[in-house]
Each structure stands twice: as C-alpha cells, then as structure tokens.
Amino acid sequence: MAEIRLSGPLERDSIVNGDGLRAVLWTQGCARHCPGCQNPETWSFDGGFLVDLEDIKKKLREFRGQTGITFCGGEPFEQPEACKEIADWCRQKLGWNVWSFSGYTYEQLKEIGGAKWEFVKCLDALIDGPFILAERDLTMKFRGSRNQRLLYLEKGTGKILRQE
Ligand code: SF4
C-alpha cells in the first residue's frame, strides 16, 4: 500500500496557507535547511510518521466546507507521487483546488521534470522558492520572504497564468 511521510496531523479550516478555507497536509523531509526556517523539525527524512494514503483520503472526506488542500513541508516535492495521488483524489472526489509550497523554484521543477513536474501540472497554485532570511517580509500574502512567488497555474499544463 502506498504511504506518505508526514510531519504532523492533517489540518482543516486554515486561512493562512492559500485562498479560502483549506485543509493542510504537512510533509516530512527537506534537504534545503534554510537559515531561519520555521519548521526545522520537518527536515529529517526519517522523522515524522508514515501514513497510508487511503487513511488520509478517509480523513479528508470527513472535512466539510473546505475550498481546497495545500501541501506544506518539509518539502512536498520530495514525495511527488504520493502528493499527486492525494491532490488528484481531492479534486475529483471533493471538488477542491490544490496548492503547494516548494523550496524548489518553478523553473527548477520544470527542468527536473518527471514526477516533480507531474505534481506541478496538477496544481492550481505554487508558492515557490526557499525561505531566505535576508529577504524576510512578514507583510506578504502566504509567504515569508520576498523571493517567493505565488504562481497561479493552468491545471494540466503547469503554465503560469499570473503571479503575485
Ligand atoms: S524549504 Fe521550507 S521547510 Fe525546507 S528548510 Fe527551507 S523553509 Fe524550511
């Protein structure tokens, strides 16, 4: 059975991780180690806990009134196949939109391709780039540093529709 490594419990009713009221999935594992990262406990690839994808879907089905789901980390793009499976299921079964954060830039994900780019292609929005302490800005919507972009994407192609 397919599993995903998470750093914390599924959240619901979040208004700080994307537009609307959102479920949030916190992945475990990030190799980037940005100085000033708010979640260093999510760095270890052996930390957190493994969860069966079917158990996650069962739990998400109980969440009523959500606009969408956001993948946070850790680095969601280190587990792109599992994230994509959950993302596709949320869209098809629950009618939710899908956002993800990543320490990779959009351009890096496109260049790497493969499963990482396939996950990008199923998103409505990507907040990209690492947290950079020198560019810290607490006034930005959903982001911590000025280098990070909020990219609205065309589902199915990954094309950038607009950015904030
Ligand atoms: S990419 Fe995100 S989770 Fe990873 S170290 Fe940087 S701020 Fe932390």
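Predicted model: local features only at pLDDT ≥ 70, side-chain atom pairs only at ≥ 80, totals over all residues.

User: Why is threonine 42 called buried?

Analyst: Threonine 42 has a relative accessible area of 3%, and buried means under 20%; threonine 42 therefore counts as buried. Its place is in the loop between strand 3 (22–26) and strand 4 (49–52).

User: Which residues is threonine 42 in contact with, leaving aside its neighbours within four places in sequence?

Analyst: These are Ser7, Thr27, Gln28, Gly29, Cys30, Gly73 and Gly74. Contact requires heavy atoms within 4.5 Å.

User: What makes the peptide bond between glycine 73 and glycine 74 a cis bond?

Analyst: Omega of the bond that joins glycine 73 and glycine 74 is about 0°, and the bond is cis. Most peptide bonds are trans. Glycine 74 is found in the loop between strand 5 (68–72) and helix 2 (80–94), and Gly74 is also one of the residues that surround the ligand.

User: Why are aspartate 13 and histidine 33 called partly exposed?

Analyst: Partly exposed lies between the 20% limit for buried and the 50% limit for exposed. Aspartate 13 has a relative accessible area of 39%, so it is partly exposed. Histidine 33 has 43%, and is therefore partly exposed as well.

User: What is said of phi in aspartate 13 and histidine 33?

Analyst: Phi is near 60° in aspartate 13, a positive value in a residue other than glycine. In histidine 33, phi is near 55°, again positive in a residue other than glycine. Most residues other than glycine have a negative phi. Aspartate 13 lies in strand 2 (residues 11–14), whereas histidine 33 is in the loop between strand 3 and strand 4.

User: Where is the ligand, and how is that known?

Analyst: The ligand takes the space of the largest pocket. A molecule sits in a pocket if more than half of its atoms lie within 2 Å of the grid points, so the assignment rests on that criterion. The ligand is surrounded by Cys30, Arg32, His33, Cys34, Cys37, Trp43, Gly74, Gly103 and Phe131. This shell divides into five nonpolar, three polar and one charged residue.

User: What describes the largest pocket itself, and which residues lie nearest its centre?

Analyst: The volume of the largest pocket is about 820 Å³. Its lining has 33 residues, with Gln38, Asn39, Phe101, Gly144 and Gln148 nearest the centre. The lining divides into 16 nonpolar, 13 polar and four charged residues.

Terms used. Residues numbered from 1 in each chain as written. Heavy atoms only, no water. 1 Å grid on protein atoms, 1.4 Å probe; cavity = no way out; pocket = protein on both sides within 12 Å on 5 of 7 lines; lining within 4 Å. Points joined across faces, edges and corners; volume = space filled by probe spheres on them. Nonpolar A, V, L, I, M, F, W, Y, C, P; charged D, E, K, R; others polar. Near = heavy atom within 4 Å. Helix = DSSP H or I, 4+ residues; strand = E, 2+ residues; numbered from the N terminus. Buried < 20%, exposed > 50% of the residue type's maximum accessible area, 1.4 Å probe, protein only.
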